[in-house]
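This briefing sets out selected features of the structure shown below. The points are grouped by topic for direct comparison with the coordinates.

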Amino acid sequence: MSDIIKRNVSVLGPNDFTGIKLEEPADYAAGLPAVKVALQHAFSEMGVLKSFRALSHMNQKEGFDCPGCAWPDPEKPSRLGEYCENGVKALAEEATHKKVDKDFFAKYSVEELSRWSDFEIGKSGRITEPMVLRSDKVNYEPISWKEAYALIAKELHELNSPNEAAFYTSGRSSNEAAFLYGLFVRAFGTNNMPDCSNMCHESSGVALNETLGIGKGSVKLEDFDQAEVVIVMGQNPGTNHPRMLSALQKCKENNGKVISVNPLEEAGLIRFKNPQEVKGVLSSGTSLTDIHLQVKINQDVSLLKLIIKKLAILDKERANVFDHKFIERYTNGYDNLLNDVKNYSNDKLLELCGVKEELVNEVVELIANKEKIIICWAMGLTQHKNGVENIKECVNLLLLKGSLGKPGSGTCPVRGHSNVQGDRTVGIMHHVSPVLNESIEKTFGFTPPNKEGLDTVHAIKAMYDRKVKVFMALGGNFLSAASDTLYTAQALQNCDLTVQVSTKLNRTHLVTGKTALILPTIGRSELDIKNGQPRFFTVENSMGKVHQSKGLMKPASDNLISEPEIIGGIADTYFNSDHVVNWKELSEDYKLIREKIENVIKGFDDINTRSKGSGFYLPNNVRDLDFDKLPNQKAQFSICDLPKHEVAENEFILMTIRSHDQFNTTIYGLDDRYRGIYNERRIVMMNKNDMIRYDLNALDVIDLISNYDNKERKAINFLVVPYNIPQGNLAAYFPETNVLVPYDHFADKSHTPISKSIIIQIDKR
Ligand SMILES: Nc1nc2c(c(=O)[nH]1)N[C@H]1C(S)=C(S)[C@@H](COP(=O)(O)OP(=O)(O)OC[C@H]3O[C@@H](n4cnc5c(=O)[nH]c(N)nc54)[C@H](O)[C@@H]3O)O[C@H]1N2
Ligand SMILES: Nc1nc2c(c(=O)[nH]1)N[C@H]1C(S)=C(S)[C@@H](COP(=O)(O)OP(=O)(O)OC[C@H]3O[C@@H](n4cnc5c(=O)[nH]c(N)nc54)[C@H](O)[C@@H]3O)O[C@H]1N2
Ligand code: SF4
Ligand SMILES: [Mo]
């Protein structure tokens, strides 16, 4: 390509302050303030009428699935509304009446837009037509769908090998879109399918597969009603899975206990005022956490080892502490595990985890004679170098207690994106699955590639090294979500073509390959009509249940195409309408796609009928206590090492977390209400003793610096916020701090970036 101009874009956007206000952190979640904030968001983005119409259909059986997180709907959704504050914000973002059209792109160049904040970029509205950024331009221009498909097909044909392209997926796509996408990528000839879950629950998938034989959780929503103890580790449900609080509330009403394990005392886990109940709004609400263990960042293994060690001693004195019948019948490696914990002294483990011994003893007493235990977790466990081992240690505890395969107990990795689990189930993965390949070959008559593909971190490196030259994304915001922002930016800019199927504008549209395409698509809440008939698609929630979702709002523009049809259009053009798969026909008829899913993937029998109403559960061997696939046909205990960090005197461990006002890289607003931090995102939460040690006052400005393998990375301009966080630990928001995460430091086996334990120094300005 000639005439390539180097665009002068800002990768990180502005770093000025927005006017912080601090208050005391809240001591409860939801209640009236949540209703008020939710409605404010809905009304300002959608107007009053549209808001009520849309909300009355969200998470209802004949309606659409909330575009927020993957928390399941109850069997009988409340007609009063089955959603939370952040679900409403997610809907309002998508159903906004604001538009990004060709005039917008003519007015603002990518150079100018890149100087806006992520908040401003996101608030600009829905993209209304396909756009192209040509290699010699700084403004996007309209392009027809046909021409866009042709441009992609041409670039793909020009590659020396299909492995020079990578196809990313973010977890909001439907099963139908994801299945078709995976099918096309394999027909094209590569397994380069990096996925948002590589940065998310991949560690859970790996750990659960190796220990229990399925990379998903085992609990169902009803299990929370019966659980005697729910342990919530490394998760902030009040913000990220708010309706989980209703499940915890039920657990408490049935005399269950809740233990939280978190370096922060998150408001949502303290107390919950259920906005669906009159008493919830008017009374002081339900107290949720019975015991809070303020663990130091990434010391969960130390804490769990201590708990296991103490339980093992009790087990010698009392009956029924460990479930020996269960251990004998279903597990492998018990003796090794017990021998291993003996190697660690209580004092050492206590010092490492930073939790008071009395509290650990309370927890041990509480769970000693309980058998119905659920462990829930999210990013606080997965995004560390030893993310896989964190989860294996949780499995160890559940196996010892026999807390699997019975009501009220089990594993609960709480998923992020609303269909991230479904996307993986229907074939989005960079690994080669011989079973899947065989099944695809049998059903479709082509041979899928059998070379391992690239995951997220390796795709970034391959783009940087010019080994991958075309990057396509089905949703998401790759630049801002991935680690090492500056490196990832260069990686994307090294591509010849970057293509994004999107609903809203984001930074990855601005920091692009030489040529870039935006292909705008229909959102979840919108009507998807073909030949006069509305279509529905299916999703899988965090607990493995598949159900329908059907939008009802008028699409943001007449020139939007559904995700499956966009994929079909690209595939049909690439293969010049001459392939064993009839891409056009398949992509237009979701019923047909579902039939193919049924043929290719186990557990989807009769999906077209069974996905109606409340849907159906996919097979889950843990629920059936069937460990046939594992060594000795048994569930596996694991020996996990303690995490290793070489933290010097002048260094901290930083976790990068979500505020209450964002969905990943989409910034809904600037308030982290539960933590009492308002109107500012460039903050760092710090223990008061550390502030004294570094002679810092509240709201002093500091820079954050990481140094891995002699490469310094800097995030500048952060305000110090005194906070109840363990000494030596810091917390700040992502994506502002992703610039500090080295792309080549990630969890063993799962390759999830170490976004929750970055070693940094601070520098006062
Ligand atoms: N509103 C809203 N909902 C969301 C999202 C969103 O951005 N906004 N994102 C969605 C997605 S994709 C995901 S993956 C989930 C994420 O859901 P979460 O995992 O809840 O999100 P994070 O903010 O990353 O929070 C991690 C929590 O773990 C704690 N933590 C950090 N490090 C450690 C540790 O070493 N040990 C322990 N025990 N705790 C630790 C933090 O203090 C924090 O409470 O939420 C989903 N839902
Ligand atoms: N430092 C740090 N980094 C992290 C994390 C962290 O905790 N700390 N968390 C990680 C996690 S858990 C995740 S899951 C990733 C998230 O990574 P991504 O999934 O890549 O990021 P999102 O911000 O969820 O993507 C938002 C974009 O998706 C598009 N979109 C929204 N709805 C739709 C739709 O229906 N269809 C299509 N085609 N596009 C749509 C919009 O254009 C929007 O701008 O980030 C990871 N990055
Ligand atoms: S809990 Fe998650 S899925 Fe449910 S309404 Fe809230 S954001 Fe949506
Ligand atoms: Mo996620």
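Relative accessible area, taken with a 1.4 Å probe on protein chains only, defines a residue as buried under 20%, exposed over 50% and partly exposed in between. The structure is a predicted model, in which local features need pLDDT of at least 70 and side-chain atom pairs count only at pLDDT 80 or more, while totals for chains, interfaces and linings use all residues; side-chain values use heavy atoms, with hydrogens and water left out. Residues are numbered from 1 along each chain as its sequence is written, and chains are lettered from A and ligands numbered from 1 in the order in which they are written.

**Asp 606 and its setting**

- Asp 606 is partly exposed, its relative accessible area being 40%.
- The loop between α29 (590–600) and α30 (607–610) contains Asp 606; helices are DSSP runs (H or I, at least four residues) numbered from the N terminus.
- From C-alpha to C-alpha, Asp 606 and Leu 22 are 54 Å apart in space, and they are 584 residues apart in sequence.

**Helix α2**

- Ser 51, Ala 54 and Leu 55 are the buried residues of helix α2 (residues 48–55).
- They cover an arc of only 90° around the axis, which puts them on the same side of α2; the arc is that of the directions from the helix axis to the C-beta atoms.
- These buried residues of α2 pack against α1 (31–46) and α3 (85–94), where contact means heavy atoms within 4.5 Å.

**Aromatic pairs and cluster**

- There are 30 aromatic pairs in the structure. Rings of Phe, Tyr and Trp (its six-membered ring) pair if their centres lie within 6.5 Å, and planes under 30 degrees apart count as stacked, over 60 as edge-to-face and the rest as tilted.
- The pair of Phe 326 and Tyr 330 is tilted, because the ring centres are 5.0 Å apart and the planes stand at 50°.
- Phe 326 and Tyr 330 are four residues apart in helix α16 (residues 324–330), and therefore about one helical turn separates them. Both Phe 326 and Tyr 330 are buried.
- Tyr 464 and Tyr 487 form a stacked pair, because their ring centres are 3.9 Å apart and their planes are at 10°.
- Tyr 464 lies in helix α24 (residues 456–464) and Tyr 487 in helix α26 (residues 485–493), so this pair ties together parts that are 23 residues apart in sequence.
- Tyr 464 is partly exposed at a relative accessible area of 33%, whereas Tyr 487 is buried at 8%.
- One aromatic cluster is formed by Phe 167, Tyr 181, Phe 184, Phe 188, Tyr 574, Phe 575 and Trp 583.

**Charges over rings**

- The charged end of Lys 220 sits over the ring of Tyr 617, at 4.3 Å from its centre. The criterion is that NZ of Lys or CZ of Arg is within 6 Å of the ring centre and within 35 degrees of the ring normal.
- Arg 610 lies over the face of Phe 616, 4.1 Å from the ring centre.

**Ligand surroundings**

- Ligand 1 is surrounded by 31 residues, the closest being Glu 266, Asn 298, Asp 300, Gln 662 and Asn 664; a residue is near a molecule if one of its heavy atoms lies within 4 Å of it.
- An N or O atom in the side chain of Glu 266 is 2.6 Å from an oxygen atom of ligand 1.
- For the side chain of Lys 756, the corresponding distance from an N or O atom to an oxygen atom of ligand 1 is 2.8 Å.
- Ligand 2 is surrounded by 30 residues, the closest being Tyr 168, Ser 170, Ala 481, Glu 563 and Thr 665.
- A nitrogen atom of ligand 2 lies 2.7 Å from a polar side-chain atom of Asn 738.

How values were computed:
Helices (H or I, at least four residues) and strands (E, at least two) are DSSP runs, numbered from the N terminus. A polar contact is a pair of N or O atoms within 3.5 Å; within protein, one must be able to donate a hydrogen and the other to accept it, and residues adjacent in sequence count only if both atoms are side-chain atoms.
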